[in-house]
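Me: I have a model open and would like to know what stands behind the terms used for it. Please take me through them one at a time.

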Amino acid sequence: MPVLNMAQAINQALDQALAEDPRVMVLGEDVGRTGGVFRVTDGLQQRYGEERVVDTPVSESGIVGAALGLALGGMRPVAEMQFMGFSYPAFDQVISHVARIRHRSRHRFTASLVIRIPYGGGIGAAEHHSESAEAIYVHTPGLKVVVPGSPDDAKGLLRAAIEDPDPVVFLEPIRLYRSTKAEVAEERFTVPIGEARAAREGTDLTLVAWGAMLRETGEAADLLLDEGIDAEVLDLRTLVPLDVPALISSVQKTGRAVVVHEAPRTAGLAGEIVALIQERALYSLRAPVARVTGWDTVFPLKRSEHLYLPTAERIAAAARRVMET
Amino acid sequence: MAFEFRLPDIGEGLTEAEIVEWYAQPGQEVRLDQPLVQLETDKAVTDIPSPRAGVLLHQGAAPGTVVKVGDVLAVIGQAGEAWNAPGTDASPTRGPEAAPIVGSLREAEAVAGELRALPLVRKLASELGVDLSNVRGTGPSGRVTREDVERAARMSQGPEERVRLSKLRRTVAENMTRSWREIPHVTTFGEADGSAILAARSEMEGRRSSPVPWEALFIPALLPALQAHPEFNASLRGEDLVLKRHYDVGFAVQTDDGLIVAVIRGADRRAPLDLADEVQRLAWSVRGRSATAAELSGQTFTISNIGAVGGRFGTPIIPYGTTAILSFGRIGEQPVVREGQVRVASVLPLSLSYDHRVIDGALGRRFLSKVIEGLERPPGR
Amino acid sequence: MTEELQQILTPEGELAGEPPLGMEETRGLYRAMVAARLFDRKATALQKQGRLATYAPFEGQEAAQVGSAAALRTDDWMVATYRDAAAMWLHGYPWKLLLLWRSGDERGNCPPEEVNVLPPSITVGAHMLHAVGLAWSARLQGGDRVAVTYFGDGATSEGDFHEAMNFAGVYRLPVVFMCQNNQYAISLRRDRQTAAATIAGKADGYGFPGVLVDGNDLFAVFRATAEAVERARSGGGPTLVEALTYRLGPHTTSDDPGRYRPADEESEWKPRDPIERVRCYLANRDGWTEEWQRAIEAEEIAEIEAAVAEAEALPPLRPQEIFEAMFAEMTPQLREQRGELLDASGHVPVES
């Protein structure tokens with residue numbers, strides 16, 4: 001099987017979708033001629049033409065609003081927001097319209113579209129380019145939110161998102177675009193939306209993570225193993241709908257949990273996960289559930305970035321505290 | 001059938017309106033949507049059109065009166081129809097039996113074999129020394145409750161009274177726990193012929209007016225053994241065995257609060273009579289609670305006269321920071337075998353506990369033999 | 001740049017140009033405007049009777065809505081706002097559904113399959129982009145359908161207006177931007193909404209034509225829209241049509257215009273009534289009689305009353321729908337929450 005990085009895997013998923021379904025189209029800033037600022041859409045406009053791979057004006061609300069109109073008219077648009085920090089102008093279109101059109105029209109009008117958003121920090125990018133606002137999307141009823149942690153998952157989840165009749169926000173961890181490689185099957189395949197995956201099985205505690213943080217979490221699990229702590233790493237893969245059975249059965253098995261995300265702490269998704277664990281696995285818990293997250297601060301610029309992002313050591317330290325209790 | 005037109009909320013959250021003017025009087029015919037009454041609200045003055053065609057049977061209130069949303073504003077029906085205002089307000093129609101909108105939090109499904117107890121209850125169980133797996137849970141879904149744990153604790157002990165340990169006891173308990181947990185104890189036993197000691201004691205009592213404490217006789221007898229086997233007069237610090245070149249012997253003093261060790265500094269430099277005075281002085285200080293810290297700690301070896309309470313053999317616990325302790329039991333007449341013959345002799349029982357990390361069995365025996373040798377040597381030799 | 005105001009029918013009902021419609025068509029649209037006004041007044045009455053939630057009346061804007069909607073083909077898309085009931089109805093959206101929507105029932109947002117009208121938009125400005133996308137998808141799929149989007153003078157200040165106009169211009173999409181400048185955005189007068197001399201002139205900034213018409217002139221509205229639709233349909237790109245009109249009523253039934261505009265202003269506009277001038281025009285050509293007026297009013301109001309009755313007779317919404325309508329298939333979370341709300345028998349427990 002060929003080995004691809006995540007950017008290549010996403011490219012392949014888009015390529016295959018464009019080839020197999022004439023309703024699929026890609027639109028966004030710089031996605032066509034230059035192949036995207038991360039080259040994720042490289043080569044697609046050359047292959048499928050300007051009508052199907054569209055370079056748009058700098059107009060995020062426009063992109064999402066037009067994508068909704070395109071979907072209502074029968075297309076299957078895959079809209080790109082260049083960075084999560086620039087998706088904010090489109091919030092009104094997403095929250096007020098994309099997310100609710102099916103509900104308010106009782107299925108008469110539906111938004112079969114995907115919004116791809118590179119997100120997260122750790123690459124020393126300029127201001128506003130390192131956002132993790134996934135909680136806002138997760139908190140908006142009517143959206144599915146997906147975040148692959150590996151190239152094979154990226155390809156499968158994106159295809160599933162494109163084929164999903166409902167709007168899917170597809171979060172692409174920028175830090176993983178080129179740094180993770182994996183074998184990716186060449187044919188068309190999907191990874192089910194709504195299913196988590198144990199990236200690593202263990203018995204002593206459950207580390208819950210997604211996206212770029214899977215790397216640090218895996219490193220933490222290695223450190224812990226050296227100390228005799230056998231940690232399970234649960235890659236959520238889908239944030240909405242969350243795979244609650246997988247989460248709970250893992251915590252019931254291990255009795256301890258640490259939730260990791262780079263997004264800010266307060267009202268971050270870890271709160272929701274801890275609430276679920278508390279509701280459904282309290283009697284299995286041997287210790288409080290810990291959270292290792294970004295701080296409630298603006299994401300710092302490059303020089304201080306390392307102070308913000310959860311490190312393997314911070315995660316391992318939290319795990320040790322949880323083990324000691 | 002007369003239609004009761006109740007004042008609706010006509011302006012996004014209004015709760016009441018004032019009647020300004022009626023456009024129709026009771027008995028008058030009204031057309032559908034014909035202006036019926038003028039109302040004034042917080043937001044505007046507005047005409048309310050009639051929701052029915054028919055005859056106005058009743059005006060809900062007079063001009064200038066405030067009508068609340070939900071109150072009857074007007075009644076419209078057929079000509080000649082009677083309508084009686086109810087004595088009390090019509091009770092709002094009740095739906096099905098009231099229940100909370102959000103169902104109670106359903107208990108998570110119990111996993112087979114899962115012990116269900118809240119963290120707080122688990123903590124209590126551990127404090128009370130209750131094994132949760134033996135406790136039957138009476139809570140929802142078999143959950144073990146606080147009461148279940150407390151009941152289990154009571155049942156295992158029978159009627160009881162709680163007595164708080166004194167600070168002294170707690171400190172002693174802490175130290176003992178530490179010793180017990182960290183030091184691998186081995187106790188070896190021996191017996192000495194007590195006749196020499198007894199003779200020495202009588203002789204000393206002749207020279208002194210007060211009783212001679214046994215410690216004053218035991219200590220000189222065991223000093224040679226300590227000198228010959230410095231491992232017994234030492235302290236294990238990390239990977240180092242610190243051999244002490246001084247001999248500060250601790251001895252147990254019985255107090256109301258329990259056994260307290262007092263320390264005789266430089267026991268090797270004291271003559272027996274001096275030892276006797278020192279033992280008595282320290283015992284008096286300890287019982288009078290006036291002993292200093294230096295007098296209560298820092299021993300290099302410890303002895304314990306369990307014979308004073310009638311004990312013979314025991315398994316003494318090594319004071320933390322030392323490597324051995326020796327108990328002396330009560331000297332008593334015992335049958336012994338000497339040269340194939342059964343005789344009666346005075347036997348002094350000895351129990352030696354030592355730190356097995358530092359002292360092995362052979363050394364332990366050798367030390368004890370040396371002690372016995374010292375005890376059996378006639379006085380003056 | 002001031003656009004020239006297009007007018008064909010003067011307020012007095014006199015022709016100032018070629019009528020774009022024959023007598024029968026004109027009578028048909030006259031009747032439609034009469035029906036629209038009857039609906040508007042009925043809806044207002046229903047709101048005051050507590051049978052509709054807040055209602056946004058369009059009295060005074062009948063020609064702007066009816067005239068423009070009449071220029072569309074049935075398969076053309078319409079994306080309109082909460083005030084555009086007349087346009088939506090003329091394009092196939094049943095009175096009953098418009099009433100249902102206004103009574104807080106999602107079934108009102110579900111037009112029949114063959115009706116190409118999106119549910120009315122409450123948010124200001126965002127919906128124009130949806131029309132842009134619809135027009136775009138129509139072209140991509142090889143058809144010649146056009147999308148028309150309705151909005152007011154206030155909406156032109158929203159960022160999405162700019163983004164929609166820009167996309168439409170850049171991609172030369174078959175969109176008609178139909179602005180009903182009724183002089184007010186709730187309480188803000190048009191001259192405080194934008195410093196531009198006209199709204200029509202804004203089209204210049206996006207590279208396509210803007211047209212200014214007398215919005216109370218049925219003929220001018222019809223012709224301008226028909227031209228814009230034709231331009232779009234034949235690949236000529238978008239047009240912005242600004243219809244100058246006046247909102248005779250309040251912003252909504254919760255609003256009191258007396259707080260921000262002088263009473264004599266309304267009386268200034270009354271003589272420019274859109275329905276009256278067509279009536280005069282028809283009357284002068286034996287196209288109108290008192291009898292006919294009564295007859296059509298009776299028939300139209302009967303239809304409206306029937307729609308009211310039908311809407312009010314519908315069984316209540318099933319509570320389950322709240323959860324079932326979120327996605328094509330309910331997520332486990334929604335299934336669980338549905339269970340929390342309903343007891344086993346499917347009833348919603350009532351809070352005491």
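Reply: Start with contacts: two residues are in contact if their C-beta atoms, placed from the backbone, lie within 7 Å. Among contacts in chain B between residues at least 6 apart in sequence, 60% join residues at least 24 apart. This is a predicted model.

Me: How do you know how confident the predictor is in chain C?

Reply: pLDDT is that confidence, on a scale from 0 to 100. Chain C has a mean of 94, and 97% of its residues reach 70 or more. For the model, ipTM is 0.89 and pTM is 0.73.

Me: What makes up the side of chain C that touches chain A?

Reply: By the 7 Å cut-off for contacts, 35 residues of chain C are in contact with 34 residues of chain A. Helix 5 (126–140), helix 6 (159–171) and helix 12 (332–341) of chain C each give two or more residues to that side. Helix 5 of chain C provides the largest share, 11 residues. By class, this side of chain C has 20 nonpolar, 10 polar and 5 charged residues.

Me: Why is a set of residues called a nonpolar core?

Reply: Because its members are buried residues of nonpolar types, joined through C-beta atoms within 7 Å. The largest such core has 204 residues, and those with the most contacts inside it include Val258(A), Val66(C) and Val132(C). Its largest share, 11 residues, comes from helix 1 (residues 23–48) of chain C. A second, separate core has 52 residues, among them Val212(B) and Leu348(B).

Me: Which residues is Val258(A) in contact with, leaving aside its neighbours within four places in sequence?

Reply: They include Leu205(A), Leu207(A), Ala290(A), Ile315(A) and Ala319(A).

Me: How do you know that the length of helix 1 of chain C agrees with its number of residues?

Reply: At 1.5 Å a residue, its 26 residues should span 38 Å; the end C-alpha atoms are 38 Å apart, so the two agree. Just after helix 1 of chain C, Gly50(C) has a positive phi of about 80 degrees.

Me: What makes a residue of chain B count as buried, and what percentage do?

Reply: A residue is buried if 20 or more other C-beta atoms lie within 10 Å of its own. In chain B, 29% of the 381 residues count as buried. This chain has 8 helices and 17 strands.

Terms used
Residues numbered from 1 in each chain as written. Chains lettered and ligands numbered in written order. Predicted model: local features only at pLDDT ≥ 70, side-chain atom pairs only at ≥ 80, totals over all residues. Helix = DSSP H or I, 4+ residues; strand = E, 2+ residues; numbered from the N terminus. Nonpolar A, V, L, I, M, F, W, Y, C, P; charged D, E, K, R; others polar. Buried ≥ 20, exposed ≤ 12 C-beta atoms within 10 Å, placed from the backbone. Expected span 1.5 Å × (residues − 1).
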